[in-house]
Structure formats: C-alpha cells, structure tokens
Amino acid sequence: MTRPIQATIHLDAIRSNLLRARQFAPDAKVWAVIKANAYGHGIERVFEALRGADGLALLDLEEAQRVRNLGWRGPILLLEGVFEQRELELCSRLDLWHVVHCSEQIDMLAAHKTHVPQRVFLKMNSGMNRLGFRPEQYRTAWMRLNALPQVEEISLMTHFSDADSTRSIEHQVKAFISATQDLPGERSLSNSAAILRHTSPRPEALTSLPLPSDWVRAGIMMYGSSPDFPEHSPSDWGLLPTLSLSTRLIGTQSLLPGDTVGYGSSFTAHKPMRIGIAACGYADGYLRASNAAPVLVDGVRTHTVGRISMDLLALDLSDLPNAGVGSEVTLWGRSSRGDCLPIDEVAQAGNSISYELMCGLAARVPVRVD
Ligand SMILES: *Cc1c(COP(=O)(O)O)cnc(C)c1O
C-alpha cells in the first residue's frame, strides 16, 4: 500500500469562486491572482479553470512564461514589476504588463531600447508602506512615465493593508482618489477582502465607499477561503473549497488515564480513550504549531491531540467507536462524502492563515485534479 495522503484540486470550485468575484464586482475586469504557483495549487493544474478570468496576475517571469506556454493570450500582470532591466526585453516578447513601484524601475524603462511600448501599472503607496510611490510623489512619477516613448499606457493601482478587518480603508481610498483625480487611465484597487467587503453593490457589502475599480485582483477568494475569517466563513461569502487534503488512519491506540501522546508528552489522557494515528505531518505541509486542530474522520468532526510530528498526527477517537485503521481522515476541504472542513479553521488552530497552508503544501504530497 502506498502512503495514503492525497491532495485534491476542485476545478469546478475555482470556476465558481471566480464567478463570485464577478458577481461582487460586476463592472470590473478580474485579475485571477496566481502568484506562488497559484497559491500552492500548481499553475498547470488549475489553468483550465482560469479561462474565465480577464487577466492573470503573478510575480515573476518564470510563471509568466509558463502561462504563455499553456496558451494564455490574454493580459498578464507582473505584480512587483521587473527586478532588473534585461527583464523588460521579455516583457515585450511575452507581452507582459508590469507594475512600476519605484523610481529605479522608471530608470530601467528610460534606458530600455525597444520598438514596442509597454503597458504599466503605476503603484501608489497609499498607507501600507511596502511598495509604491507616496501620494505626494505619485504625480511626478506619472509625468516621468508619461513622457517616455517606452511607455504606451499607464494604469493606476494601490493595495490595502486592512480590507480584511473592521479597520477602515477610507484613508487609503481617499489618498488614492485625491492624488489621482485628474489622471487618465484604468484603476485597480481591490484584493479579495476589498472585493467582498467593500466593492459589492449588494446589501451585504460592509461599506459602500466609492471604490474605483476597472480591475479587481482576486486571490484567496478564488481558492475558496474567506479573507476575513473568522468574521465570515467561506460559505458566508458563497465560496467553495478548491483544495482538499486527505489521508487515512494507519494505527490506533487505547490510552489509560495518565498516558501521554507524542513528542514532549504534551497531551495527557484524563480518562480511558482511543486515539487514531493519521499519515500526515509537518513534512506534508500541516502546521506543526497546530493545537487541537479540527479534523474529519469518516466525515465526523474531531481534533488533533499532542504535537504534530514530521509524518504523523494523533486524533481523538472518543466519539468515533467505529473508526479504525483505513478510516478516511480529512485534514481540510471536502471529504469523499461531501462534508466540508474549511481550511481557514485549520489554519487558525495552527496560529496561521489559509494562504500559508495552501502555499506550504509539500512537494511529496500527490495531487489529483478533479
Ligand atoms: C497577492 C496580491 C493580491 C491578492 O490578494 P488576496 O488577498 O489573495 O486576494 C492582490 N493584489 C496584490 C498586489 C497582491 O500582491
């Protein structure tokens, strides 16, 4: 028997979540964000489900090349722009749009020899203080770009630091709007959290700021996770899980009061109880920091006990008298019977977020696409 761990990607769920982004931002074009190898899913594996997007947004030339190789002819956006000047050559060759977030990137463009003018997204640092020009520097940067023969069209963008929380994004929106007021060009502001919480014309929108949105950037919502969990679960937003991780029990133990479980003996049984040992550990991408993380056994909810080891984890079987070696264990996503365990809950029990779990799925885990 091969080791029973298995990841499954649900293409229909990706299609449905992408549609959800459209419903929330009906007037915008949608960038499907597929950086980090499509949030760990694998660009090649999910590509078929991305055809409904208006463009693909990603991080580097290697990913862009892969997407062109798959036959994608639509827009591609490099979210951090180029890292060195010679990459501009490939931007022309592969027809890539790219972010310009610093004056060094404008210098590279100015020094670039080309007959094909480029399409750029000029990024404003409206308050997150990672990448971009501050509002008071933005216009000067735009004028410099606009004067370059190497540049064909300039779009305007910014990124929110707090769209996923109850903190206001208003100061960022206002900074963006006032600094771009009379500049032409398409606008791109919203990530998943802003699409769901702030862009919707529907009553469930939590705020209704005037958010200019020619393009929205859908990342985590496309992968079926809620950007503002636990305030909202994926099902609250109508999102479906796109990645399931399952395995089986490969052993059981009957514990007596006082017995402990695993490295460090961090769990002690206070009554006679049965535990199951599942073939999954932190070397598969499960979070070692997990504490009493939720798990489904044969579709029934239980939780981990003791420390997560490299290849194994232990589960409480107190309420599962019929579970034994071979029982199906759903670490997150959908069980074979259709029960659902949101990845957001599992990430929370490991003091993390769904993004990290998805991106951290280990290469040794076999992946099936359905
Ligand atoms: C990753 C990224 C996104 C997508 O963010 P989600 O929270 O996953 O929707 C959007 N915009 C930029 C600039 C990004 O880097």
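1. Contact here means heavy atoms within 4.5 Å. With that in mind, look at helices α6 and α7 in this predicted model: Ser103, Ile106, Asp107 and Leu109 of α6 meet Ala141, Arg144 and Leu145 of α7. By residue class, that contact splits into four nonpolar, one polar and two charged.

2. Now the geometry of this pair. Helix α6 covers residues 103–111 and helix α7 covers residues 135–146; their axes come within 10 Å and cross at roughly 10°. Angles under 35 degrees count as roughly parallel, so α6 is roughly parallel to α7.

3. Next, α4 (residues 61–69) and α5 (residues 87–94). Here the axes come within 11 Å, with a crossing of roughly 15°. That angle therefore makes α4 and α5 roughly parallel to each other as well. The crossing of α4 and α5 is left-handed. On the α4 side the contact uses Leu61, Gln65 and Arg68, while α5 brings in Glu87, Leu90 and Leu94. Sorted by class, the residues in the contact of α4 with α5 are three nonpolar, one polar and two charged.

4. Strand β1 (residues 6–9) runs antiparallel to β10, and four bridges join them. If you want a residue pair to click on, Ile9 has Leu243 as its bridge partner in β10.

5. Strand β10 also pairs with β17 (residues 328–334): the two run antiparallel and are joined by four bridges.

6. Finally, the domains. The domain assignment gives domain 1 as 11–230 and domain 2 as 243–369. Between the C-alpha centres of domain 1 and domain 2 the distance is 36 Å. How many residues does each domain put into the contact? Domain 1 supplies 13 residues and domain 2 supplies 11 residues.

Conventions:
Residues are numbered from 1 along each chain as its sequence is written. This is a predicted model: local features need pLDDT of at least 70, side-chain atom pairs count only at pLDDT 80 or more; totals for chains, interfaces and linings use all residues. Side-chain values use heavy atoms; hydrogens and water are left out. Two strands pair if DSSP finds at least two bridges between them. Axes are lines fitted to C-alpha atoms, for helices over the stretch in contact, and angles run from 0 to 180 degrees between N-to-C directions. Angles under 35 degrees count as roughly parallel, over 145 as roughly antiparallel, 65 to 115 as roughly perpendicular and the rest as oblique. A crossing is left-handed if the near helix is turned anticlockwise from the far one by less than a right angle, and right-handed if clockwise. Ala, Val, Leu, Ile, Met, Phe, Trp, Tyr, Cys and Pro count as nonpolar, Asp, Glu, Lys and Arg as charged, and the others, Gly among them, as polar. Domain bounds come from an automatic or database domain assignment.
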